[in-house]
Number of protein chains: 2
Amino acid sequence: MKIALAQINPTVGDFEYNLSKILHNISLAENEYADLIVFSELVLCGYPPKDLLLKRQFVDDCYKYLNILKDKISSNILVIVGFPEINKEEGKPLFDSVAVIQNKNIICTRQKLLLPTYDVFDEDRYFEPGKVVKSVELLNKKFGLSVCEDIWHDDLSWSKPRYHKDPIAELKEQGIEILINSSSSPYFIGKPNLRELVLKNCAKKNHFPIVYVNQVGGNDELIFDGNSCVINGNGEVCTKLKAFEEDFKVVDLDKLTVQEQSRDCFVGSSNLLAMTQGSPLEEELLQAVILGLRDYVLKCGFKKAIIGLSGGIDSALVAVITAYALGKENVTCIFMPSRYTSNTSEIDAKQLANNLGVSLKTLSIEEPFKVLLSVLSNEWEDSNTSLAQENIQSRLRGLMLMALSNQNGALVLSTGNKSELATGYCTLYGDMCGGLAVISDLPKMMVYKLAQYINKKEDKELIPKSILTKAPTAELKPNQTDQDTLPPYEQLDKILNKYIEEHSPLKDIVKNGISKETVEQVCNMIDKSEYKREQAAPGLKLTSRSFGYGWRMPIAKRYKEEI
Amino acid sequence: MKIALAQINPTVGDFEYNLSKILHNISLAENEYADLIVFSELVLCGYPPKDLLLKRQFVDDCYKYLNILKDKISSNILVIVGFPEINKEEGKPLFDSVAVIQNKNIICTRQKLLLPTYDVFDEDRYFEPGKVVKSVELLNKKFGLSVCEDIWHDDLSWSKPRYHKDPIAELKEQGIEILINSSSSPYFIGKPNLRELVLKNCAKKNHFPIVYVNQVGGNDELIFDGNSCVINGNGEVCTKLKAFEEDFKVVDLDKLTVQEQSRDCFVGSSNLLAMTQGSPLEEELLQAVILGLRDYVLKCGFKKAIIGLSGGIDSALVAVITAYALGKENVTCIFMPSRYTSNTSEIDAKQLANNLGVSLKTLSIEEPFKVLLSVLSNEWEDSNTSLAQENIQSRLRGLMLMALSNQNGALVLSTGNKSELATGYCTLYGDMCGGLAVISDLPKMMVYKLAQYINKKEDKELIPKSILTKAPTAELKPNQTDQDTLPPYEQLDKILNKYIEEHSPLKDIVKNGISKETVEQVCNMIDKSEYKREQAAPGLKLTSRSFGYGWRMPIAKRYKEEI
């Protein structure tokens, strides 16, 4: 029995485009005499469609294109596609379903049974969980059809609900011989390993093969890594599709051969540790950011990007990634010095732009800064204008980037990292300006690691050594460094990991050898910066908990945790 | 039997403060010999606690303060308080519960059975629905204890899920004589009427009285309107607590007297119509905005606000509301003219500030504007710099307001209306700057209605007539008016109401006598402005669907609806 795995990159709401991709993959499968082809979850409309699902017209359009697809399948090949199915009974108006199509007929549908409503997921907002667990007889075999979360019942990670039932166990009881899973399972660092482990465990426990097809591509803050695969009944990987790219493969289920050995699995809190120990996760992370950035820019209808280059590590890394993602000819860098900008910064920014082959323009903020200080000087209420002056510089830079963007149609990319966004060490409407915050889910230590990895991979100092070694500074006042305000990044990032990714109590965080004062200071900064994050640009999700959809904290609150 | 209704305004996470309010109300109830006192949903931690509920320490603290409260109740009075209860079985880790406390004992708890996960609500993210529907014997009567959504099963409005069971019907079958409902039910225009209707219908259908206690106060974008009440078994209102204020009342359930007649009920799509027909909803709306604004400012730790006054209607209305909410001494207005600012604008802004008795400062943006144009002029890629120039002006104003705020600690209030935010007729990092967007859920026509209502109520031209009558303009280029870019606001707001509040298909919107071209133009503008709203300041929810938590649209999408 030959099964095709179609790992495609749909665009949310672009039915014509998604349909054409689906039809193309079906014809590839037919050419290879596949008996069945599997697509990812909600492939017809793209995942996640979010509140588009609340529009009656959108759901009608899903049905319209499902019917067009159905009518175009005139052969015997079985096609499994994800789509939002109308629920005619009580409960939420939709199911998250797959349809099995053959010969211009929808043979059957199956509904997702476990709905994730945690972290970035809001599926209970739209969907009713499926009521019926029922195997399907296809090609003289008993198949189990499942959707994404359905196979995650046994997941050992820390933040999941304890579901009431295990639909896969029920399917097993019904005697299924093969499990199909259509997924749109988003990336975070270590997730591909975690997911593979979940799939292996599931196959091994139940002694049946799993055909797993995941979405690939970036949609807003989420990056789907693909990594579709076939696992045999011993829990071994027999076929693996590409990571972070579209891919297509046909496998003969009767002739499976083991393709690769188990990799070590880094999960959750150990991710950061794994990174700092130089694990192979840097390459995965780099590919994720490139894909997420490229798809956000292109799916938003842009081609070019504009970046404020400071001479520091964050904007340097973003410039490199953007050049990888969009091509150097589509990247414009702007260097905007002030009276506090060092010579080193200018040299480093120019060297980097030169190394990358991207255009670099210099626009001083000094004149407008002076004029603004003079306009405002009569209105200062006291002599302490330091914070206001720092922010004016940052906001002038934001204003100039936006003006250039308004004029030339390039998307401004924001370059702040997670350590800054967490602690509020950033200026709202200043360096936070941009359509996408490329690395706002990357803690500072990981920014360094990724930059070092890139130089190693390129086998040259693509990012000038000086950028990697000098002390981080915002250069908004004389002789400023980040560590005037923040504890050392090694400590800071450890606290962030515990406080944000794991929601750890403060009293547990101090057990990591960090002083009570430092933990309190950092967590207090995090709590007080909610208002900035509320207005932050969308940022690519790279860790197990990013700000954005996965982080919903009240702003007007007064909660103080005791240690 | 005497029952006390305690309608208080808790602050999310401020356990000490909330506890002291609770204890104070208990002592008031004891003084009036009440047998039982009812508090609102999750009163102990404040509603909505959002992702604070994911912190183990936060839940531990809820239990800590529940126990402190319990130990302080040494009398026979029965106390019903809302708190997050740990779920020790499968499923989500918490229940949304009420505890009944008496004589230092927790007698029992009951769990919320229907969990809203739609619009602004995310309760399935945190809570497991209660499993058991069970009446409670108190004071020799059979009570039903319910939480908020539990009584909304029969709600006729358009956007609710069809729940599988009606917990109130089950309690009725168990023979309850009185229904208690602890709520945190947020406001939108017409909601108090809708809610009263739901309560009346429920009481009438089941022939039992309902004691309904709602939270009051603003928490981030949500405003809780109070309006707690007692309804008799005929569905008549016998006691009504204040709207938009804390309140406390003791009622004798054996001596209920009908207090007020039914009011007409305006719901959903008819709200806007009701407003434009001069219904009594303006007063309700005004009180809502005042409360929401005041609580946001105070609960965020601010006392003063700063507003950019343009001479137009939006900033005028916001200035008036802010003076009402915080006191005129806490409002600073800044007038920031450019070369395009008319004399009328200056006269109107000054007149308004004078009428309000608030301080007004004038800061011209002309010099910094000129300098920025000269710095940028070498970088313009072509001659079409109009949009960029308009945005620079708006962003300079935002920058100056933020600089003053940074220096004097007053919160910047953003003054844009919903019609602008919907269509993207506003500048990101410009006029969108601010800690709170006071009227960003108020369509332009309602802005006018509310302004007119205020003048009528004040019986004078508090808002100068010229502001109410002149053509709206952003004054960012010569002779500009809003209607150069937008259709007439009467049409625009009708489209917004259908497209946003009701998610209506375009083909239904054109049935309202608006041309296909206008509907397509406006809806296209709405779709394309998602990226601006993603970075907008939180805005007070005033309609049945506001942007913010109740509106979760993808940005990188390509969905085009056909008419």
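In this predicted model, A:Ile3 has A:Leu36, in strand 2 of chain A, as its bridge partner. Strands 1 and 2 of chain A run parallel and are joined by three bridges. Here strands (E, at least two residues) and helices (H or I, at least four residues) are DSSP runs numbered from the N terminus, and two strands pair if DSSP finds at least two bridges between them.

Residues are numbered from 1 along each chain as its sequence is written, with chains lettered from A and ligands numbered from 1 in written order. Local features need pLDDT of at least 70 and side-chain atom pairs 80 or more, whereas totals for chains, interfaces and linings use all residues.

The open sheet of chain A has six strands in the order 5-4-3-2-1-14, with mixed pairing. Strands 5 and 14 of chain A stand at its edges with a single partner strand each, so one side of each lacks a neighbour in the sheet.

| Element of chain A | Residues |
|---|---|
| Strand 1 | residues 2-7 |
| Strand 2 | residues 36-38 |
| Strand 5 | residues 105-111 |
| Strand 14 | residues 247-252 |

Chain A can be laid on chain B by a turn of 180 degrees and a shift of 0.0 Å along the axis, with an RMSD of 0.0 Å; the superposition is by least squares on C-alpha atoms of residues with pLDDT of at least 70 in both copies. The two copies are thus related as by a two-fold rotation axis. Within chain A, the residue closest to the rotation axis is A:Gln535, at 2.1 Å (C-alpha).
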